[in-house]
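Here are my notes for you, written as numbered points. Keep the model open while you read, and find each spot as it comes up.

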Amino acid sequence: MTAEEEPKKEESPSKPEEEEDDDNEEGEDETEEAGAEGAAKKKKRKKKKKKKKKTGGVGALQIKEPVTKPPHLGLKDTAFTDFAVKYGQTAPEPTIPVADLFRGKQYPKGEIQPHLLESQTYRENSDECRARERIQEDLYGKVRWGSEVHRQVRNYAQSLCKPGVKLADLCRQLENKNRELVQEAGLERGIGFPTGCSLNHVAAHYTPNPGDDTVLTYDDVMKIDFGVQIEGRIIDSAFTVSFNPRYDPLLEAVKCATDEGIKQSGIDVRLCDIGEAIQEVMESYEVELDGTTFPVKCCRNLNGHSIAPYQIHAGKSVPIVKGGCEESLKMEEGEIYAIETFGSTGRGYVVEDMECSHYMKNFHAPHVPLRMQSSKRLLSHINKTFGTLAFCRRWLEREDGGSATINGQNGKQTKYMGALKNLCDVGIVQAYPPLCDVKGCYTAQYEHTIMMRPTCKEVVSRGDDY
C-alpha cells in the first residue's frame with residue numbers, strides 16, 4: 001500500500017456513494033458521468049428492496065389474501081382452500097403446524113350463539129358464569145386448537161376432491177396433513193378417528209381398506225368426516241362433496257337442518273325437541289333426479305352425540321327426527337356435542353353392510369383372558385397406539401402402525417385379521433361396518449362440534465366453508 005492510498009482509505013466510509021463507485025473502479029477508463037449514472041441505478045435498486053421488505057410479511061410468515069376456490073360444490077361462496085394464508089400459512093399446501101402459526105396468540109374462537117331458552121338469557125351477563133368460563137380457558141384453548149387444525153386440514157382436503165381421485169390416496173393425504181399440522185404425539189394429540197369418505201347410498205363409516213381402489217366420479221355424492229384430538233378432546237366435523245348441481249337441494253336441505261339443530265341447542269334444551277326441529281327443516285326439501293322427484297328424508301336411526309375425553313360417543317344421542325329419544329334428556333352446562341344430520345333420497349333408514357374398516361376399543365371393555373398370542377399382541381398395540389379412539393385397518397398396516405411417535409417405523413401389523421376378529425368376538429373391540437341406505441339413493445351429511453359454555457354456546461368447528 002502506498003502513502004497516497006492510506007488517506008483515501010480513511011476517508012472512504014464518509015464518502016458519498018458516487019465517490020465509492022469511482023474508487024472501486026479505479027484504473028478503468030470511465031467518465032464521471034457514467035459513474036454517477038451507475039450510482040443512481042444502485043440507489044434505485046436499494047429503494048425497491050426496502051419497499052419489498054415493508055410489505056413482505058410479519059417475521060417469517062407471509063400474510064396474504066385467500067384466492068383459491070374449491071373444485072366442488074357443497075360449500076358456501078366464502079369457502080377458499082387457502083383460507084389460512086391470512087394467518088401466514090403456506091399455500092397451496094399448508095406446512096406450518098398450527099401451534100407455530102399461533103405461538104403467543106389465542107386460537108380463533110368459533111361462532112358464538114346464545115342459549116335458546118329464555119330461562120337461560122341471564123347467563124350472558126352473569127358474573128358467576130363468566131368466572132366459571134375463566135376457569136375453563138385451558139380446555140377451551142385445546143378445543144379451539146383442534147378446531148383450527150380441522151379447518152386447515154379440511155380446506156386442504158377440499159382442494160384434493162376432484163373427479164378421478166383415488167379415495168385411498170385422498171384419505172392418506174388428508175390424514176398425513178392432519179398428523180403434520182397437529183404435530184402428532186401419540187395419545188396426547190393426533191387424529192380423532194379414521195377419515196370417512198362414504199359415497200352415495202353409504203351414509204357413514206366407510207374408509208378404504210388396503211387394496212380398495214375406489215375412485216371418485218363426477219356423479220358421486222361423498223361425505224368427508226374426520227376428527228382431530230388434543231389431549232382426548234375430539235373435534236368431529238363433516239361436509240358433503242358433489243360436482244353435479246342436480247344434488248344441490250339435497251345438500252342444502254342437510255346443511256340447513258344441521259344449522260337448525262345448532263340453533264335449537266342450548267343448556268336445558270330437550271334433545272327430542274332438537275330432533276323435531278331438524279326433521280321439520282330437512283323434510284321441507286325435495287330433489288328431482290332424472291325426471292323423478294324425491295322427498296329428502298332424515299336417516300332416522302342416525303344421530304348426533306355428546307363427546308367426552310377419548311370417547312367419541314359419550315352416552316347422549318341427539319336425534320334428527322321427532323320422538324327420537326326420551327323426553328327427559330337435556331343438554332347440560334359444560335357438555336360438548338356433535339350436531340350432525342343425514343338426509344337421504346331413499347328410505348331414510350340405514351343398515352350395516354359391506355366390508356368393515358372402522359374399529360374401536362370399547363370404552364368400558366371387560367377384562368377377558370385371551371388365549372391367542374396374536375390377540376394379546378394386537379390388543380397391546382391398540383392400547384398404546386389408539387387407546388379408546390377409533391382406528392382402521394389402513395393404519396394397522398402403516399409402517400408406524402398408526403403413530404410414528406409411539407412406534408417409530410416398526411409398528412406395522414401383519415396377519416392380524418384373526419386376532420382382530422377374536423377381539424371383536426369377546427367384546428373388547430367393537431366393529432363399525434359401513435351404514436347404508438337402499439342402493440341407488442343418495443345421502444348427504446353436515447356436522448359441527450359445539451360447546452355448552454356457561455354464558456353461550458360456541459360452534460367451535462364453524463368455518464368460512466360451512
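1. Helices (H or I, at least four residues) and strands (E, at least two) are DSSP runs, numbered from the N terminus. With that in hand, look for an open sheet of three strands in the order β14-β13-β15, with antiparallel pairing. β14 (391-392) and β15 (429-432) are at the edges with a single partner strand each, so one side of each has no neighbour in the sheet.

2. Before you go further, know what you are looking at: this is a predicted model, where local features need pLDDT of at least 70 and side-chain atom pairs count only at pLDDT 80 or more, while totals for chains, interfaces and linings use all residues. Residues are numbered from 1 along each chain as its sequence is written, and side-chain values use heavy atoms, leaving out hydrogens and water.

3. Now the whole chain. The protein chain has 13 helices and 18 strands. Of its 466 residues, 51% count as buried (buried is under 20% relative accessible area, exposed is over 50%, and partly exposed is in between, with a 1.4 Å probe and protein chains only). Take the contacts (heavy atoms within 4.5 Å) between residues at least 6 apart in sequence: 74% of them join residues at least 24 apart.

4. Back to the sheet from point 1. Strand β13 (residues 358-361) pairs with β14 in the antiparallel sense, over two bridges. Y359 has F391 in β14 as its bridge partner. Helix α13 (residues 417-425) packs on this sheet and touches β13, β14 and β15; its direction makes about 105 degrees with that of β15. For angles like this one, axes are lines fitted to C-alpha atoms, for helices over the stretch in contact, and angles run from 0 to 180 degrees between N-to-C directions.

5. There is another open sheet to find, with three strands in the order β3-β16-β12 and antiparallel pairing. Its edge strands are β3 (202-204) and β12 (351-352), each pairing on one side only. β12 is joined to strand β16 (residues 435-436) by two bridges, and E352 has L435 in β16 as its bridge partner.

6. Is H201 buried or exposed? H201 counts as buried, because its relative accessibility is 15%. You will find H201 in the loop between β2 (189-199) and β3. Leaving aside residues up to four places away in sequence, H201 touches L435, C436, D437, V438, K439, G440, C441 and T443.

7. In one of them, strand β4 (residues 221-230) and β5 pair in the antiparallel sense over ten bridges, and V228 has I235 in β5 as its bridge partner. Two residues lie between β4 and β5, and E231 in the turn has a positive phi of about 50 degrees. Strand β5 (residues 233-242) has nine of its ten residues buried, so the rest of the structure largely encloses it.

8. L289 has T292 in β7 as its bridge partner. Again there are two residues between the strands, and D290 in the turn has a positive phi of about 55 degrees.

9. Have a look at two helices together. Helix α8 (residues 248-264) and helix α9 (residues 271-282) pack at about 155 degrees, with axes 8 Å apart. α8 and α9 are therefore roughly antiparallel (angles under 35 degrees count as roughly parallel, over 145 as roughly antiparallel, 65 to 115 as roughly perpendicular and the rest as oblique). On the α8 side are A253, V254, C256, A257, E260, G261 and Q264, which meet I274, A277, I278, V281 and M282 in α9.

10. Most residues other than glycine have a negative phi, and most peptide bonds are trans. The peptide bond from A91 to P92 is cis, with omega near 5 degrees. Q183, in the loop between α7 (167-182) and β2, has a positive phi near 60 degrees. Y310, in the loop between β9 (304-307) and β10 (317-318), also has a positive phi near 60 degrees.

Terms used
Two strands pair if DSSP finds at least two bridges between them.
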